[in-house]
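Please keep the sequence and the model in view while reading.

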Amino acid sequence: MKLIKYAMLFITLTTSSTSFAEEAEDKGLKIAQETKAIDLGWKDSSAVLEMILKNKHGETSTRNMRMKSIEQKGDGDKSLNIFDSPRDVKGTAFLSFSHPVANDEQWLYLPALKRVKRISSRNKSGSFMGSEFSFEDLTSFEVDKYTYKYLRDELVNGENCWVVIQYPIDKYSGYKKRIVWIDQSEHRIRKTDFYDRKDSLLKTLTMSDFHHINKAFWRPQILSMVNHQSGKSTVLNFSHYVLSTGLDEKDFNQNALKRAR
Amino acid sequence: MDNYSNFILKNKWLVLLASLLLVAIAGMGAENLKFSSEYKTFFKEDNIQLKNYLGLQDIYSKSENVAFIIAPKSGNVFDQETLKATWELTNEAWFITYSSRVDSITNFQYSYADGDELIIEDLLLEADMLDQEKISQIKSVSLAEPLLRKKLIAEGGEATIVNVTITTPGIDKTLETPEVATSARKIRDQFKEKYPNIDFMLTGIVMMNNSFPESAKADAFILIPIMLGVVIFAVGILLRTFVGTFSTLIVILLSVIGTMGVWGWFGGYLTGPSSSSPTIILTLAVADCVHILSTFYLNMRNGMEKSLAIKDSIRVNLQPIFLTSLTTAVGFLTMMFSDSPPFGHLGIMVAIGVSFAFIFSVSVFPALLSIFPVRVKQRNNSKKDSMDKLANFVIGNRKWLLPVSTLIILGLASFVTNNELNDDFVKYFDKRVPFRQSTDYMQEHLSGMTMIELSIDSKKESGVNDPKFLKFVADMSDWLRAQPETDHVNTITDTLKRLNKNMHADDPAWYKLPQEQELAAQYLLLYELSLPQGLDVNNQLNVRKSSTRVVATFRSLKSSETIDMESRINDYFNQHNTQYELILASPSLMFSHIGQNNIISMLMGSSLALILISILLGIALRSVKLGLISLLPNLMPAAVGFGLWGLFVGEVGLGLSVVMGVTLGIVVDDTVHFMSKYVRARREKNLSSEDAIRYSFASVGKALWITTIVLVAGFGVMATSTFKVNADMGLLTAATILIALIIDFFFLPPLLMLLKNDKNNK
């Protein structure tokens, strides 16, 4: 009798722990889907971006650019960056068609050569302009990029957040996993911890100064990335951030790239 | 004096227990002791070369590395199996603890033009892409690419390197470095098993850092017990007393444990050099005990009652032992003048140990002798006769002994200048150490371990893009490559030339630097945007793009050659420009300079010690003249020792620069004992000079002889260390101590007898 009791207890516990695990994965996925769904329909965006890089020695350097993006259904966004400073790269323009799992398609216009060059490289994990942001950090959030696992609820800066692990599916991603804190009031990502392939904490990204653009979409204006292993950091300051201004596909092709000023 | 001896003997148990308690408390501090894991401990914090080097690591990125050498037994890297192994190891290496970057021929970011497309990708992206065509491509590209040839691939294609850059948090180096080494070794072992036709070896700065504490531990845990055994054995055999040997062992243990404990309480750590301190303390403790034992046994054989024999021995030996301990401590304390902290630590630890040894040999030691029953064997007087015979020989032949020995001494000492200063930190580890073997292989087949980093500063933000600056850097790199000693130069200008060619449909005529500032900047931007994680240009360019780091690798250079290269580089730089700034840094530079600086500071320290010790002797012997005479037998052994070294070896490194300080203290002991007996005989007993010499030989001759054997044996064991710094120190010290005895037996007595005419009987 006792044996059967213990056996039943054992079975219940193991199934409930596996079902709890499944629950965690489902919940994580659900949160991701909600986060994406809330952010659909912004159509296009434009902003001015200031990027400040700092190394362990305290040296800083600033890069300025203008960014435009256009939403894609069921795929990563297209974006066009026009660099305004440093002076030597003024006028250089960068076009990117991002994809959740496959390689991004990228082109660079070099004013000094007056030519567009397509870049083929597995650089998704690589650093953007020498900063602590990699390409995969800057491209849009797509549900298909990751698998998920919900961890817990946590309070961050007075906001109740879900803490979810995201495991990149693309094998050329630079990360083993990311842990994100998503606030429960507006599904905004507040903080992200990035873990390298060794599963050691590599970077932490903090988002702040959220603007409610067009009273519909939340966008952080300040993104601050710290690399714990190298001691370097990058701060992104957005300004003049607007959405749905009526940009279309022909603003995001190679001709647009050449015309970009 | 009598009161003291009485006190000790009456309270022998109390003395014993108190000492044991004291040492037990001190010994608890030893728990805090840790072995330091890095070469940086050899330098003071304000050392210029160290500061420059650390500065560059902060501005650019770390350059400390673990390098896997992949050497297929077939001798050809460019086959399916080896390239696959290289690809696998490149991927696996990202999992090494604290790795921040992996570079190999397979993940080299190869750029080429394809129509209007610029393709930048790993030379071997996936292992299943390996077919004959791919293999040929990898071979031709890697052997032609200046960034790879001789650095990551041998010119003859017989070996390749996977280089892992390590960035440790720096919170506790003593834990972090071994962690990296362990995880690297695990991977090496996995691959060795998987690919039995390929040799996998480990080298790199981090592996070197790890070899320091490993060598130190080997010395501590293997050599020291051996030495203890040798010394105890020698004492037992030579003096033929079990009680005496056992009591000596107790004194040794108390002195060593006490010292290590006190050092631990001070928060000290152990390094290669300072881990030889137990060895040195041990031998000095034995010397003290041997003197007391000799007199004690002599007394007992002459029929004295035991406690009287002990008291007399203390009375006769206390001052000399105090004096020798003091002079030894002074000699070792001068090592604090060294520019290299581990040697200062060694000096302090030995000074503490010598003090403990003195205290215990005149307290615990007699107490133990008193407690234990002592049997005196009827010994024939043969030993005494042999010292007598020696005395008579020296006295009889003093007419030619003095000039001949002087000539020999001067002759050998003249070779001192044959010695060249050289610190090759790779050779600090002898060939038994795996790190040495791997590094020797790398130096033979790929490139040396002597590196110099050149940080060239344009002084302007984005100044790196200036075509004038780029041309300067490229020209300087070419000049470096033209130097006969250079194996490899890593410079961003090579990358820019290649990109220029790629952007012009791979036309080789375009393999040159861009001529416009904006073009250079945009090429760099293009390149930067194309690199995967960890392979960015931060190791070559700083954040403000105002300066670039060029890394030059040379075949193994001696310290003097490294310093010469440094000044040649500075000369070239100053002759060819006035607006840019140059900082040179590397571990090679650090070690090359410290050897030189250290010699100067050690010579100063030793001179000071010599003066102090001579003054002390003059005071103790109550004669200025004798104090001055003592300078000769104190100084000569080191001169002859270094002279012999100059004759047979010719190279002096960091370790040997301290030998003079070390041996001075020990060598003085012989002089002190011999001369104090001589003086006592002349003054107290009013003996003639010749009889005083006989008295000296008779009373301390044997003890000197025994302590010399013990010390030579002890330091001889140290000479077998895998850590060259310690091994050389052990060998030269052993030789010098032996020479000191010879000088004290054959040169000093004739000298004393010669000079006696100038001095009245006091």
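The model is a predicted one. Along the principal axes, the C-alpha atoms of chain B occupy a box of roughly 105 × 50 × 45 Å. Of the 762 residues in chain B, 55% are buried. When contacts in chain B between residues at least 6 apart in sequence are considered, 81% of them connect residues at least 24 apart.

The largest nonpolar core comprises 247 residues, and B:Val66, B:Phe68, B:Ile70, B:Val286 and B:Val710 have the most contacts inside it. The element that gives the most to this core is helix 23 of chain B, residues 689-718, with 15 residues. Beyond its neighbours within four places in sequence, B:Val66 touches several residues, including B:Ile96, B:Val164, B:Ile166, B:Leu202 and B:Met207. Another core, of nine residues, lies apart from the largest one; A:Trp162, A:Val180, A:Trp181 and A:Ile182 are among its members.

Helix 19 of chain B, residues 559-576, has 18 residues and spans 26 Å from its first C-alpha to its last, close to the 26 Å expected at 1.5 Å a residue. Within this helix, B:Ser559, B:Thr562 and B:Met565 are buried. Viewed down the axis of helix 19 of chain B, the buried residues fall within an arc of 125°, and therefore they line one face of the helix. An α-helix has 3.6 residues a turn, so residues three or four places apart point the same way. On the other side of helix 19 of chain B, B:Ser567, B:Asp571, B:Asn574 and B:Gln575 are exposed. The cover over the buried residues of this helix includes strand 7 (420-421), strand 8 (450-457), strand 10 (547-554) and helix 20 (587-620) of chain B.

It remains to describe where the chains meet. The contact involves 36 residues from chain A and 38 residues from chain B. On the side of chain A that touches chain B, strand 1 (44-54), strand 2 (60-70), strand 5 (105-110) and strand 6 (115-120) of chain A each supply at least two residues. Strand 6 of chain A provides the largest share of that side, four residues. By class, that side of chain A has eleven nonpolar, 16 polar and nine charged residues. Strand 6 of chain A also runs parallel to strand 4 of chain B (residues 117-122), to which three bridges join it. In strand 4 of chain B, B:Glu117 is the bridge partner of A:Arg118.

Notes: Residues are numbered from 1 along each chain as its sequence is written. Chains are lettered from A and ligands numbered from 1 in the order in which they are written. This is a predicted model: local features need pLDDT of at least 70, side-chain atom pairs count only at pLDDT 80 or more; totals for chains, interfaces and linings use all residues. Two residues are in contact if their C-beta atoms, placed from the backbone, lie within 7 Å. Ala, Val, Leu, Ile, Met, Phe, Trp, Tyr, Cys and Pro count as nonpolar, Asp, Glu, Lys and Arg as charged, and the others, Gly among them, as polar. Two strands pair if DSSP finds at least two bridges between them. A nonpolar core is a set of buried Ala, Val, Leu, Ile, Met, Phe, Trp, Tyr and Cys residues joined through C-beta atoms within 7 Å. A residue is buried if 20 or more other C-beta atoms lie within 10 Å of its own, exposed if 12 or fewer, and partly exposed in between; C-beta atoms are placed from the backbone. The expected span of a helix is 1.5 Å times one less than its number of residues. The arc is that of the directions from the helix axis to the C-beta atoms.
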